[in-house]
Amino acid sequence: MMTRMAATANHFGVALRGWRERLAPRDCGLPAGAAGERRLPGLRREELARLAGLSVDYVVRLEQGRARHPSAQVVAALARALRLDPAERDHLFRCAGLAPPTAREVTRQLSPQAHRLVRQLGEVPVAVFAADWTLVGWNRIWSATIGDPGTYGWYGQEGDNLVAGMFRPGGRRGSRPIGGWPVRSWRGDAAEEEELVADLRVTAAAHPDDVRLAALVDRLRAGSPRFARLWAGGTACAHEGDRKTVEHPVVGDLVLDLDVLTAAGAGLRVVTYTAAADSTDAEKLAALRASCRPPANVSARPPSAP
């Protein structure tokens, strides 16, 4: 029982040994004769140690679970030596109790995976934002429900960034809608703004080398006292959802639930609006959907220079 529990707890060692044994010496640029007369497939511990710049004894202790706290530099060296893909690398970091490394810059393009997801969710309003809330794509039903982004007062003028659009110069949002028409949070503007700033703080910490993101934060701190006050508060959390009233000019008020999904690997935020089943709001949303066939067509923001 103790042996089984120890093996289960030694996630790092189990993963390390499994990946070592699956990797052929030739895949690592080792001489053809390095394999020698092997009883087991894969790399020997001494070969992995040499590739990662570690001692053989340390590799042995890591695999056996006797060394439990490798540094980020050691984990990164092992990941490179083992030719791990990003998902495997991140898993190895988590097994070591470390946060996985993040991309140096925020991804601000619609990935193929996110594009496919938007098409699959074509019956509901969907938009895709970068991790810093730059708008990068949307479908037709989004435009029919929230308004075409080309009509937003901030799109094309504030770096196409939702947070920058919320904190435009001139005080509170007031009558300046964030969409094509007013879209009101049930919690109020102040709560919505606080949560988005807290979410942006998480992104800024994850991408400290992103020059464009740093410039956005500096500009907002200098131009908006509200943003500067919220940023100084230090709150950090993910924006996961809300309930909104859309003051639609054609079908009237719509009460919709907003949910934020994350596209794996890219940090993109997939934002959806849905109505309660069998409600008047669902009927209004269906009418908007019927007006924009095919609703799943996806528009993407063209890439721009950082």
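The model is predicted. The protein has 13 helices and seven strands. Of its 306 residues, 46% count as buried.

**Overall figures**

- The accessible surface of the protein comes to about 15500 Å². Carbon and sulfur atoms hold 54% of that surface.
- Among contacts with a separation of 6 or more, 62% join residues 24 or more positions apart.

**Helix α12**

- Helix α12 spans residues 225–233, and its buried residues are Arg226, Phe227 and Trp231. These residues lie on the same side of α12, because they cover an arc of only 125° around the axis.
- An α-helix has 3.6 residues a turn, so residues three or four places apart point the same way.
- The face turned away from the buried side carries the exposed residues Pro225, Arg229, Ala232 and Gly233.
- Gly234 follows α12 and has a positive phi, near 80°.

**Aromatic rings**

- A search of the whole structure finds four aromatic pairs. One of them is Phe129 with Trp133, with ring centres 5.3 Å apart and planes at 50°, so this pair is tilted. Phe129 and Trp133 are both buried.
- Phe227 and Trp231 form a stacked pair, at 5.5 Å centre to centre and 20° between the planes.
- Phe227 has a relative accessible area of 0% and is therefore buried. Trp231, at 14%, is buried too, because the cut-off is under 20%.
- Ring pairs also bring in Phe167, which joins Phe227 and Trp231 in a cluster.

**Charges over rings**

- The charged end of Arg201 sits over the ring of Trp231, 4.4 Å from the ring centre.
- The charged end of Arg243 sits over the ring of Trp186, 5.3 Å from the ring centre.

**Glu195**

- Glu195 lies in helix α10, which runs over residues 189–206.
- Glu195 has 17% relative accessibility, so it counts as buried.
- Leaving out residues up to four places away in sequence, Glu195 touches Arg187, Cys237, Ala238, His239, Glu240 and Gly241.

Methods:
Residues numbered from 1 in each chain as written. Predicted model: local features only at pLDDT ≥ 70, side-chain atom pairs only at ≥ 80, totals over all residues. Heavy atoms only, no water. Helix = DSSP H or I, 4+ residues; strand = E, 2+ residues; numbered from the N terminus. Buried < 20%, exposed > 50% of the residue type's maximum accessible area, 1.4 Å probe, protein only. Contact = heavy atoms within 4.5 Å. Areas by Shrake-Rupley, 256 points an atom, 1.4 Å probe, with all protein chains shown as cover. Arc of directions from axis to C-beta. Phe/Tyr/Trp six-rings, centres within 6.5 Å; stacked < 30°, edge-to-face > 60°. Lys NZ or Arg CZ within 6 Å of the ring centre and 35° of its normal.
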